[in-house]
Amino acid sequence: MSFKENNENGLIYMSSDIIGARHAFTTRYGGVSKGGFSSLNLGANRGDDPEAVRENYRRLCALMGVGIDGMAVTKQVHGNQVRIVTEEDRHVCMSPVPYEADGIVTGVKGLPILCMVADCVPVLLWDGEHSVAGAIHCGWRSSVGDILKNALDKMESLGAAPESIRAAIGPSIGRCCFETDDDVPLAIEKYLGGDTRGLFDRREDGKTMVDLRAANARRLMQLGVKAENIDISTECTMCSHDKYWSHRYTRGDRGSQGAAIVL
């Protein structure tokens, strides 16, 4: 299993061999935004030129096989809510999103779903056997709120089964750069029922370096996803801040990348 870089009409994105549906973890490359937002910024509320964001979004929609108003998106709030989206949830580009959720799942073929990140862990879920997919924003708060359990519950309500779900855990801040106070490892310890061996590097100054991607992979396995059906990117968004948007590296002055999948 591995992540690979793709170039489609100049749009550079990552994909995983584990997922058989069309999907993309976008990078900073392949858009039209200028200055500090160059070039593929998908965040409409970051201060970028709205027309540039609109064109960037159009390019991603085209990659996913739909028009500019054909994708389902969500307003993320670092919570643990997961919403099932249908045809009615196709989003008119640049219009307000009428609901809040940090994960969306669907059983609708031809409806791309998107979550946004800029250091947080993006998780794309796919059950090809039962035709269900999910796009989940796993920041640490959403993660310890057990958003992945909520996502799998919603997918199962649409007919998916944990043993046939495949998961691609995309580029995000790595343990090399995710420096935290005690609140994060303590919350992860509770979230994983104590199964945290190898996830933390405790430093002498009292800080802890946390592997949030591996923590989420471990939770997926606890929930019944097979280890061989989980692929984890090795790229750190903060180390590779030229390729990815990193909230920590830019101290919040940044664009957003997306993780999208379509059945």
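A pocket is an open set of points on a 1 Å grid over the protein atoms alone, with protein on both sides within 12 Å along at least five of seven lines. A 1.4 Å probe fits at the points of a cavity but cannot get out. Lining residues have an atom within 4 Å of a point. Grid points are joined across faces, edges and corners, and a volume is the space filled by probe spheres set on the points.

The model is predicted: local features need pLDDT of at least 70, side-chain atom pairs count only at pLDDT 80 or more, and totals for chains, interfaces and linings use all residues. Residues are numbered from 1 along each chain as its sequence is written, and side-chain values use heavy atoms, without hydrogens and water.

**View 1. The largest pocket.** Its volume is about 960 Å³. Of its 35 lining residues, the closest to the centre are Arg46, Gln76, Met116, Arg254 and Ser256. The lining divides into 18 nonpolar, 11 polar and 6 charged residues. Here Ala, Val, Leu, Ile, Met, Phe, Trp, Tyr, Cys and Pro count as nonpolar, Asp, Glu, Lys and Arg as charged, and the others, Gly among them, as polar.

**View 2. Elements around the largest pocket.** Helix 1, strand 6 (113–117), helix 2 (140–144) and helix 6 (247–250) each supply at least two lining residues. Strand 6 gives the largest share, 3 residues. Helices (H or I, at least four residues) and strands (E, at least two) are DSSP runs, numbered from the N terminus.

**View 3. Strand 7, enclosed.** All 7 of the 7 residues of strand 7 (residues 121–127) are buried, so the strand is largely enclosed by the rest of the structure. Buried means under 20% relative accessible area, exposed over 50%, and partly exposed in between (1.4 Å probe, protein chains only). In a regular strand the side chains alternate between the two faces of the sheet. Val121, Val123, Leu125 and Asp127 lie on one side of strand 7, and Pro122, Leu124 and Trp126 on the other.

**View 4. Partners of strand 7.** Strand 8 (residues 132–138) runs antiparallel to strand 7, joined by 7 bridges. Two strands pair if DSSP finds at least two bridges between them. Leu124 stands opposite Ala135. The two strands form a hairpin with 4 residues between them, and Ser131 in the turn has a positive phi of about 55°. Strand 9 (residues 166–169) also pairs with strand 7 in the antiparallel sense, over 4 bridges. There, Val123 stands opposite Ile169.

**View 5. Val73 in its loop.** Val73 sits between helix 1 (50–63) and strand 4 (82–84). Val73 is buried, with a relative accessible area of 8%. Beyond its neighbours within four places in sequence, Val73 is in contact (heavy atoms within 4.5 Å) with Tyr57, His91, Val97, Tyr99, Ile104 and Leu114.
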